[in-house]
Amino acid sequence: MGSVKVTACCRQLFLPHARALALTTKMASSGNIICSLRRNLSSSSRLRSSMPAWVIDEYGNNGVLRFTEDATAPSVNSASEVLIQVHAASLNPLDISMRRGYGSNLLKLRRDPVSLGQNGGEFPIILGRDVSGVVLDCGSGVTHFKPGDEVWAAIPPWKQGSLAEMVNLTEYEVSHKPRSLSHREAASIPYVAATALSALVNAGGLCRDNCTNKRVLITGASGGVGTFSIQLLKAWGAHVTVTCSHNAEGLVRGLGADEVVDYTAGDVATELGLMEKFDVILDNVGGDSEQWALGLLKSWSGAKYVTLVTPFLLNIDSMGLLEGAVHSGLNLHQKAITNMCNGVFYRWGFYAPDGPALDEVSQLVDAGKILPVVEDTFLFSQVPLAFQKVERGHARGKTVVTVAQEEEGTGVTEEEGETSDTPEQVREEVRQAAPKS
């Protein structure tokens, strides 16, 4: 990922783009916003104070999801901000956890430091960490984007999400969408890409320049992060071994996995122990997996174990900000020291949105080295059903929500095989199927 830093620097050197003089025509050609009445997007989107969105007003199960046409509409309030018309979003296990209140203590403080100690001040919350859409407006200091650009992004967890008509991000959180993908396909990638890159590059020390012939093990590889990581590592020249269930073997082999171990067929630790040891392990499973997985690493060779299942936010939720952070730090320090004495490194991986990193991912996608893995697609009126799908687990890729129509007709629910409704029809469907504000 050495070129990511170069990309980030280049963004600062680009001359400002000229603003489009007739944005309305361009927006009309790229699709209509669901739950809108074909309004003028070039000016009214910036002036309106409300928009349609799915929100939660409290933490809980799927019943807390609420559709409203009166969510607060974002606007450009600083020089570095980019206002995006959402065409498609996708759901991740993180959205299920956040709906239940996972990380609420820290995220609430990050959203509004003044709210410390107040209950309920963070609501309403819009979930959704992935977005693919079109730029509506830019701050005066934005140099890398202009209105009408097709973009994608991974949204920080403390910001309002993508299950809405619009979302507001900084220039450095946004990237140009791969030209080869529809918005529906593109929305399946940013979150998993940001998470995988953070884990493999920042924590695991891998990059395209040092990955050739490195042996990497990915546990729980059939989900979004796993399927992306397989493709990224193969593009970089690594040898990839994965664990998954038998019915996902075809998927992971098709994405390039060199060796596949079925964790349902027997003792996965024993089978992996018969193989040559690994340089890096990416753990998407957690639980007791690290008890046997750490022994699969090459000792005294810089090998690293990176887990994405950490107790950090859970500790803060249960113990409070200070005690939880201290407890987590001591826990990580103890494990790191213990494993360092055994000749391996122990690391925690975290979701870290990064626009310049997505620039390089976009190049890999357009080169055909990374493909979107979409398991199911739902309409905007079906957001609660999409949450139910993700909550059942055992994912084989991503669950996408189409928020606006596309010319290529990507608003399709695979289970039903129906094309996307018009905005007016979807508006009526939502009114009939969803709780009212």
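Begin by selecting Lys 335, which is partly exposed with a relative accessible area of 26% (buried means under 20% relative accessible area, exposed over 50%, and partly exposed in between, with a 1.4 Å probe and protein chains only). What you have open is a predicted model, in which local features need pLDDT of at least 70 and side-chain atom pairs count only at pLDDT 80 or more, while totals for chains, interfaces and linings use all residues. Residues are numbered from 1 along each chain as its sequence is written, and side-chain values use heavy atoms, with hydrogens and water left out.

Helices (H or I, at least four residues) and strands (E, at least two) are DSSP runs, numbered from the N terminus. Glu 290, at 15% relative accessibility, counts as buried.

Next, select Leu 330, which is also placed in helix α13 (residues 321-340) and counts as exposed at 57% relative accessibility. Together with Leu 322 and Val 326, Leu 330 makes a nonpolar surface patch of about 330 Å²; such patches are made of residues with over 30% relative accessible area and no salt bridge, nonpolar side chains (Val, Leu, Ile, Met, Phe, Trp, Tyr) being joined within 5 Å and like charges within 9 Å. Accessible areas come from the Shrake-Rupley method with a 1.4 Å probe, and for residues only the protein chains shown count as cover.

Now bring in helix α12 (residues 312-319), which packs against α13 at an angle of about 145°, with the axes 7 Å apart; here axes are lines fitted to C-alpha atoms, for helices over the stretch in contact, and angles run from 0 to 180 degrees between N-to-C directions. To display the contact (heavy atoms within 4.5 Å), select Phe 312, Asn 315, Ile 316 and Met 319 of α12, and on α13 Leu 321, Glu 323, Gly 324, Ala 325, His 327 and Ser 328.

Move on to Lys 108 and Glu 122, whose side chains meet in a salt bridge of 3.9 Å, N to O. Lys 108 lies in helix α5 (residues 104-111) and Glu 122 in the loop between α5 and β4 (130-138), so the pair ties together parts 14 residues apart in sequence. Lys 108 is buried, with a relative accessible area of 12%, and Glu 122 counts as buried at 12% relative accessibility.

Then select Glu 173 and Lys 159, a salt bridge in which the closest N and O atoms are 2.9 Å apart. Glu 173 lies in the loop between β6 and β7 (174-176) and Lys 159 in the loop between β5 and β6, so this pair ties together parts that are 14 residues apart in sequence.

Ser 162 is likewise placed in the loop between β5 (150-154) and β6 (166-170), and Ser 162 is buried, with a relative accessible area of 0%. Leaving aside neighbours within four places in sequence, the residues in contact with Ser 162 include Val 86, Ile 126, Asp 130, Ile 155 and Val 403.

Finally, return to the whole protein chain, which has 16 helices and 15 strands and in which 55% of the 437 residues count as buried.

How values were computed:
A salt bridge is a side-chain nitrogen of Lys or Arg within 4 Å of a carboxyl oxygen of Asp or Glu.
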